[in-house]
Structures are given as structure tokens and as C-alpha cells.
Amino acid sequence: MSAAIPAPRTSRGWSFPRRLALVPIGLYALVLVALPNLLLIVYSLWGMEEGRLVRSLSLDNYLDILGSRVPRELLLRTILTALGAALLATLVAYPMAWFVVRRLSRARLLVLILVVVPLWISYLVRVYAWKIILGDQGVINTALTGIGVLDEPLGFLLYSRFAVFLTLTYVSIPFVFVAAYAALERIPKPLFEAAADGGASPWRTFTTVVWPLSRQGAAIGFALALLICVGDYLTPALVGGMDGTMFGNLIVSEFGLANDWPRGAALSILMLLSTGLLLALVARITRTEGVLE
Amino acid sequence: MSSIARPYPAGRPPHARSLGEGIGELLARLGLLAVFLFLYAPLVTIALFALNDSTIQALPWAGFTTRWFEALPADRSLVAAVRFGLTVAGITVVVASIVGTLFAVILHGVRGRSSTVLQAAIVIPVVVPGLVLGLSLAITFRSLGLQPGLLTVVLGHLTFTVPIVTLLVLTRLNRLDPALAQASMDLGAGPVRTFLHVTCPQIRTAVLAAALLTLTLSFDEVIVTYFLVGTEPTLPVHIWAQTRFGFTPSINAVVTLIGTLSVVLVVIALRILERRSGASGSPAATPIDHREGAP
């Protein structure tokens, strides 16, 4: 890589050390990145008593959360749901991206745009739409009872973990597609020809050429989807009902109704830690040596 | 580069297209269609129910109406939310574009470990789940004594838009040919003049694209924003508050309107960017970028 602003060979104009230019970025990072994270940790160690903040450090919040059944189960369920949704989205979007890169030429850009367009429509409303689609009087149930397939509407469609899973998969697909597409498109075409000339079957080409060169892209998409799913409290609140409640709803209720920010901070940190561990694992599994430039 | 591909046993015939492959191709195309049905079902649903003549958002279809659209200007809280959201997004776009571009130029000009560390640091808010970012910012602003409102929302939006602008512009800067800036300096232009007259025109499209992305991100954000608003909500936060009562089809109408508008805007912007890069230089398409083809 090369520097855009070239180091002047004469010293004219640059009398101060160049690294001083980093100071504004450092200040920004200090105030808007380091401070919030630090305060989050500090808050998680504080407590609330009778609506007042108790500024003494203790691990009580953590012990209390990990000691009770509901938050523990919610965390596990949230991670499993998010993992499942991100995985399914990857299983849909990655092959789709592969097909588009390999088989389409003129329609390629159109497909890419069509996948991305839903991202420009309000996230909240896209989720709400599923409520309209999945409800007892919704599009699916009305259609199915209307043509006589069903006598009664399928109750599990809405206000269930299924609804949360489906909606999270839905919102994840475009992100995974874009990441996978970007990675797959960069693979030089002669590699496929070389593999075919060498007698490799399409499957063998995939496992030995395509996947190793694109799995990092797939992993980035997967990680993005996982992050969105883990932290989403809108979807469970809208389509999840009681059964579909997720960990994020717990955090939001501590921020809002319960007004116990320290406990909310502790819950957030537990969520960060578990997500971070998962992502580290994903990065490890999909690590690729070398760079495709 | 491509040492991953292992050598294959010779003698097997190159793969030829067969009937099975034809069927596979057909299935793949049907699959593609199915995914698009899945992706667009909610959008079509919203648009249809914006035109449905009933307050209940369920089938059966009650007839065609445009009254939800006509009622929009009279809905004061909705109009106020749109206005506040646009104010937030407007300020965010301007500040994020300037600060983000500045950061990119600095990070590009100053190499080294501290530069790399800072770059990673400012990206953290983008990769943290939204509600964790929201809560941590709410705690921070409360500790600093900032009242929830325009300032806190804009600051919150800056945390995830500035790094995006920085990364997009930095990617473009990395692809530029350093020879142009060097030539400018050799001819006696200072760093500022070189930046304004040589570097700026080359990164203009990247900054524009980033600003556009920032606009849509800011206007639509709800997960972080929810933690930062005061009494005035942005549009998505307003909608979020409405959903607790089950919102009226007027929300469908406003979203359909905004969705259509933003898609049109994006298409226009893409056209402009395309034309401009065709004329004066997307680095990938012009002879400016000859690094890869250089002898």
C-alpha cells in the first residue's frame, strides 16, 4: 500500500510531527468510544437501591443474573435463535450469491440492487409487515383457510419463537448476500477454468477453490447477521409474543420500565462477552491464509 | 496468490453440461425467485395495506382507498417526527461526511501502529450490538449531564456513521495513484492545495456515496435512537411507540411514501455517480489506476 499524501522530500510545510494529526481522532475515540464502554463497565458494577444509584463496586448484578434461571435461559435461547437465523440466512444467501456470480452476467447488477433495496425500507416496518403476514387473519392464514387447506388458522405462525426466527432470517439475508457476493466476485475467473481443465468436478472446484477463497466473506456476512439478531429487541417485541421474548427485551426493560441501568449494563456486558466469544470462534473456523488482492 | 487450488489428477474429461446440470440450473433459478418473493412479500404487504380501506390490518381486503395518504399532512405528531428525523439526519450527514473524510485523510497520511489502533477503535460502535451501544451512550450522556434531545441523538448517530464514512473514503484513498499527488507537490503545490485540487476530485464520489448511506442509516435508525431521544421522537421511534397500540394504516402510507422516495433518490444518485465516474474518473475504470497493469 502506498501513502496518498506523499512524504515531501523537502521539509517544507511539515514542521510538526505527522503523528500529531492523529490527536483529533484520538480525542474522538476517547469521548465517543472509550468513555461509553468504560462507563458501561463501571455502571454494571454499581447498583440501584430504592430508585437511587449506589456508587459502590460489586459483582452483585452479575451474580444475581447468572444465579437466576430466566436470564440464563433467555441468553441461551437468544444466542441459539440468532445463530440459527444467521446460519439459515447464510445457507440461503451464499449459494444465491454463488449462482449470481457464476451464472448471471447482465442481470447481475439488477439482482444485487434488488437484494439491497429492502434495506432502504424502514427496518421496523419490514418487521411489522411480518405481523400482518403471519397473523390469524393474516395473509398466509387467510389464504390457506380460503382455499380450504386449513379449517383453522395456524396459531404458531405469529407470537412465537418461529415468527422471531423467520423474521430474523429475513432481515439477515441481504447482509449475508452482499458480503458473500463481494467475496465471490473477487475470485479470478481463470481459477474456475483451471480447476475444470484439471478435471475437477463442480463440487470439487467448490470445496477446494471457491469456498477457501470466499469463506471469509461468508463469515463477515454471518457475523453481521449474528450481531443484528442478537441485539434486536424490536422483532421479539413485535412478532414474538411471550414465547419469543429475547435477551434484548430484558435489557430494554431494565432501561425503561424497571429503570435499573446498572443491571441493564451488566446484562449488556454478558451479551457482549457471549457474542464476542462466538464471533472469535467463527473467525477461527473460517480463517484463510493469504490474501486475494 | 492462488496456491490453495491443488493440482488435480489428469485424464478426467473437463466438465461438460448435462441434463442434470440443466435441471440444476432451473432449480437454482426457481430458488432465486423464491428468495425474492420472500424478500419482497413484506414490502408489497405494507404498500397494499396502505391502500386498504380499513383500520384493521388484516384480510379480507376491504377495498381501495387513498385516504391514509390524504390524512398524512394532518397527523401532527407524525409530521413533527418526520421533521425531527430529517433534522437529525441532515446534521448527521454534514458532520459525519466532514469528520469522517478528515479522519480518512489523516489515517491515510499517517501510517503506523497508533494509526491502525485508532482506526480499529473508531469502528467499535459499528460492530457492537445496537442496544449495547445505545445503553452505553445513554449512560455516558447522563453522566456528562447532557439532556436527551437533538444533541444526544446526533452524537449517537455520529458514533456509527463517522467510521462508515471513514472506511469508505479510506478504501478509495488506498486505491489512488500516489504519483498524481507527488506530481502536484513536485510542481510546487503545498499539501493543502494538493489535497483540494488533486485528491479531493478523486474521492468526491466516495464521499457522496458515504453521505447517501449516512442519510438512510440515520433516518431509519431506531435501536440506538430509542435510548437517546428525549420528548421529541424521530420517525422510527414514533412508529415504535405507535406499534404498542397497533399502528394505523397511515404509518403504512408514510413508510410507502418514504420508501419509494428513497429508492428513487438512490437510483438517481447511482446514475449521477455512474455518469460522473464515466467522465472524470472512478479509479477502477480510468487510466489513472494503472498500478495493476503497469509493466
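**Exercise 1.** Determine where Tyr159(A) lies and whether Tyr159(A) counts as buried or exposed.

*Solution.* Step 1: Tyr159(A) belongs to the loop that links helix H6 (139-146) and helix H7 (161-185) of chain A. Helices here are DSSP runs (H or I, at least four residues), numbered from the N terminus. The model is predicted: local features need pLDDT of at least 70, side-chain atom pairs count only at pLDDT 80 or more, and totals for chains, interfaces and linings use all residues. Residues are numbered from 1 along each chain as its sequence is written, and chains are lettered from A in the order in which they are written.

Step 1: Most residues other than glycine have a negative phi. Tyr159(A), although not a glycine, has a positive phi of about 55°.

Step 2: A residue is buried if 20 or more other C-beta atoms, placed from the backbone, lie within 10 Å of its own, exposed if 12 or fewer, and partly exposed in between. Tyr159(A) counts as buried because it has 20 C-beta neighbours inside 10 Å.

**Exercise 2.** Carry out the corresponding analysis for Asn259(A).

*Solution.* Step 1: Asn259(A) is located in the loop between helix H11 (247-255) and H12 of chain A. Step 2: The phi of Asn259(A) is positive, about 55°, although this residue is not a glycine. Step 3: Asn259(A) has 12 C-beta neighbours inside 10 Å and therefore counts as exposed.

**Exercise 3.** Describe how helix H3 (residues 69-103) and helix H12 (residues 261-285) of chain A cross.

*Solution.* Step 1: Two packed helices are described by the angle and the distance between their axes. The axes of H3(A) and H12(A) come within 11 Å and cross at roughly 35°. Axes are lines fitted to C-alpha atoms, for helices over the stretch in contact, and angles run from 0 to 180 degrees between N-to-C directions.

Step 1: H3(A) contributes Pro71(A), Leu75(A) and Ile79(A) to the contact, while H12(A) contributes Leu267(A), Leu270(A), Ser274(A) and Leu278(A). Residues are in contact if their C-beta atoms, placed from the backbone, lie within 7 Å.

**Exercise 4.** State the confidence of chain A and where it is lowest and highest.

*Solution.* Step 1: pLDDT is the predictor's confidence in each residue, from 0 to 100. Chain A has a mean pLDDT of 86, and 93% of its residues reach 70 or more. Step 2: In chain A, confidence is lowest in H6(A), at a mean of 81, and highest in helix H1 (residues 23-45), at 95.

Definitions and conventions:
Helix = DSSP H or I, 4+ residues; strand = E, 2+ residues; numbered from the N terminus. Contact = placed C-beta atoms within 7 Å.
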